[in-house]
Amino acid sequence: MIRINENYQKLKASYLFADIARRVNAYAAAHPDRPVIRLGIGDVTEPLPRACIEALHAATDEMGQRATFRGYGPEQGYAFLREAIAQHDYAARGCEVAPDEIFVSDGAKCDCANIQEIFAQDARLAIPDPVYPVYLDTNVMAGRTGANVDGRYAGITYLDSTPANGYVPAVPPGPADLIYLCFPNNPTGAVATRAQLAAWVAYARENRAILLYDSAYEAYIRDPQIPHSIYEIPGAREVAIEFRSFSKTAGFTGLRCAYTVVPKTLQASDAAGQGQSVHALWNRRHTTKFNGVAYPIQRAAGAVYTAAGQEQTRALTDFYLGNAKLIREAVQRLGFTCVGGDNAPYIWVNTGRDSWEFFDLLLSRAQVVCTPGAGFGRCGEGHVRISAFNSRENVAAALERIAAALR
Ligand SMILES: Cc1ncc(COP(=O)(O)O)c(C=O)c1O
């Protein structure tokens with residue numbers, strides 16, 4: 001009989017969201033008179049900006065006319081979008097990124113999942129804990145780890161994010177080849193300073209390593225001292241790939257559009273020790289396995305960079321940050337310490353007790369759903385993630401209930 005990829009057997013079953021759903025459904029069934037408010041989700045709730053919707057309609061109409069119909073587009077994305085990204089997201093911040101270094105895709109999830117396949121099987125990995133699970137699981141599937149023992153895979157250097165380091169891990173003492181970093185962070189909401197990122201760039205240059213920098217939440221940064229891009233750090237063009245997404249910037253989780261930057265100056269070695277262009281490898285992978293994002297969706301993404309689009313997307317992220325501020329302040333008033341919520345849509349609460357126990361407490365006493373930190377890694381134990389993605393009304397009601405329940 002045909003055999004499976006045994007590496008899939010090593011995956012720690014992803015019980016987190018299934019477990020949450022099971023507990024919430026059981027509670028709701030037993031207490032139909034007590035509606036539950038969900039602050040556990042990582043999905044946006046507000047409608048798309050007007051400018052994006054108008055661009056989507058106009059581009060859809062173009063597809064219905066022979067003169068303006070478009071079939072397959074360039075796999076890497078249309079020039080109008082790659083040029084707008086290069087101009088607004090990079091040149092405007094003093095970063096050198098050319099349009100042809102930008103690969104438009106249908107999600108940062110796929111890109112940060114797929115990137116590992118262009119690197120060696122024996123690449124040494126460093127991955128944060130707690131973490132967005134995609135980085136780890138895709139490397140497990142690819143066979144780069146040993147078995148999972150006590151919640152940790154053999155062969156991975158875990159970068160612990162704890163109260164002691166302000167949830168921003170320092171460079172490891174030993175060598176690593178591929179390092180995943182995510183700022184503003186999911187799940188902690190922590191951001192890295194320029195000095196902290198500069199230390200990572202210096203480490204990567206010294207170890208001839210590559211940083212895989214996920215900045216899917218950069219649009220939430222409000223502190224002018226915090227870098228939005230790894231390319232704001234001198235020397236990063238030789239050591240870093242950056243992932244970005246329109247999902248949380250402009251509410252595109254249901255439309256699907258993202259991009260990855262691979263500088264042409266980035267090299268990795270072949271078996272003979274010769275430097276090879278990582279851009280050429282990614283271009284090969286992308287054009288072989290991907291056929292481009294739908295034209296109307298790319299037009300909708302392009303509209304984010306118009307004057308109206310900039311104003312409307314800013315209003316959208318400001319709205320979620322308004323929720324985040326209310327959550328952060330309420331949690332602090334209750335005597336908890338927390339990070340995030342000021343430059344990110346997530347608040348990471350140090351509960352000082354078992355994270356599932358705290359989850360159950362909020363559910364049963366306040367009918368509010370959060371995400372237990374243990375689901376994101378060993379260092380997530382003792383914490384919960386509260387998401388700012390909800391209506392103001394729901395956030396206000398949830399906070400009142402939490403305060404009453406914990407007072
Ligand atoms: C850190 C991080 N990266 C990437 C993604 C996925 O983004 P996309 O919707 O573009 O696939 C998410 C979504 O939750 C995320 O939290």
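Modeller: A polar side-chain atom of Arg256 lies 2.8 Å from an oxygen atom of the ligand. The model is a predicted one, in which local features require pLDDT of at least 70 and side-chain atom pairs pLDDT 80 or more, whereas totals for chains, interfaces and linings use all residues. Residues are numbered from 1 along each chain as its sequence is written, and side-chain values rest on heavy atoms, with hydrogens and water left out.

Ser245 likewise places a polar side-chain atom 2.6 Å from a ligand oxygen. Ala108 takes part through its backbone, a polar atom of which is 2.8 Å from an oxygen of the ligand. These are polar contacts, that is, pairs of N or O atoms within 3.5 Å; within protein, one atom must be able to donate a hydrogen and the other to accept it, and residues adjacent in sequence count only if both atoms are side-chain atoms. There are 14 residues around the ligand, and Ala108, Asp214, Tyr217, Ser245 and Ser247 come nearest; a residue qualifies if one of its heavy atoms lies within 4 Å.

Turning to the aromatic residues, the whole structure contains 21 aromatic pairs. Tyr78 and Tyr295 form one that is edge-to-face, at 5.4 Å centre to centre with 75 degrees between the planes. This pair joins distant parts of the chain, 217 residues apart: Tyr78 is in the loop between helix H3 (50–63) and helix H4 (79–90), and Tyr295 is in helix H10 (residues 295–303). Tyr78 counts as buried because its relative accessibility is 8%, and Tyr295 is buried as well, with a relative accessible area of 3%. Phe183 and Tyr213 make a tilted pair, 6.5 Å centre to centre and 40 degrees between the planes. Here Phe183 occupies the loop between strand S7 (178–182) and helix H7 (194–207), while Tyr213 belongs to strand S8 (residues 210–214), 30 residues apart. Both Phe183 and Tyr213 are buried.

The terms are as follows. Rings of Phe, Tyr and Trp (its six-membered ring) pair if their centres lie within 6.5 Å, and planes under 30 degrees apart are stacked, over 60 edge-to-face and the rest tilted. Buried means under 20% relative accessible area, exposed over 50%, and partly exposed in between, for a 1.4 Å probe and protein chains only. Helices (H or I, at least four residues) and strands (E, at least two) are DSSP runs numbered from the N terminus.

One aromatic cluster is formed by Tyr90, Tyr231, Phe246, Phe252, Tyr259 and Tyr305. Charges also face rings: the charged end of Arg70 sits over the ring of Tyr78, 5.1 Å from its centre, and Arg385 lies over the face of Tyr346 at 4.3 Å from the ring centre. The criterion is NZ of Lys or CZ of Arg within 6 Å of the ring centre and within 35 degrees of the ring normal.

The loop between S7 and H7 also holds Pro184 and Pro187. The peptide bond from Phe183 to Pro184 is cis, with omega near -15 degrees, and the bond from Asn186 to Pro187 is cis with omega near 20 degrees.

Asp150, in the loop between strand S4 (148–149) and S5, is exposed because its relative accessible area is 68%. Gln367, in the loop between helix H12 (355–366) and strand S15 (368–369), is buried at 10% relative accessibility.

Arg152 is in strand S5 (residues 152–153) and counts as buried at 16% relative accessibility. Its side chain makes a polar contact of 2.9 Å with the side chain of Asp160. Beyond four places in sequence, Arg152 is in contact (heavy atoms within 4.5 Å) with Asp129, Ala147, Tyr158, Asp160, Arg378 and Cys379.

Finally, helix H11 (residues 307–333) contains Leu321, which is buried at 9% relative accessibility. Leu321 touches Tyr220, Arg222, Gly341, Asp342, Asn343 and Ala344, leaving aside residues up to four places away in sequence. H11 has 27 residues and reaches 39 Å from its first C-alpha to its last, close to the 39 Å expected at 1.5 Å a residue; the expected span is 1.5 Å times one less than the number of residues. Just after H11, Gly335 adopts a positive phi of about 95 degrees.
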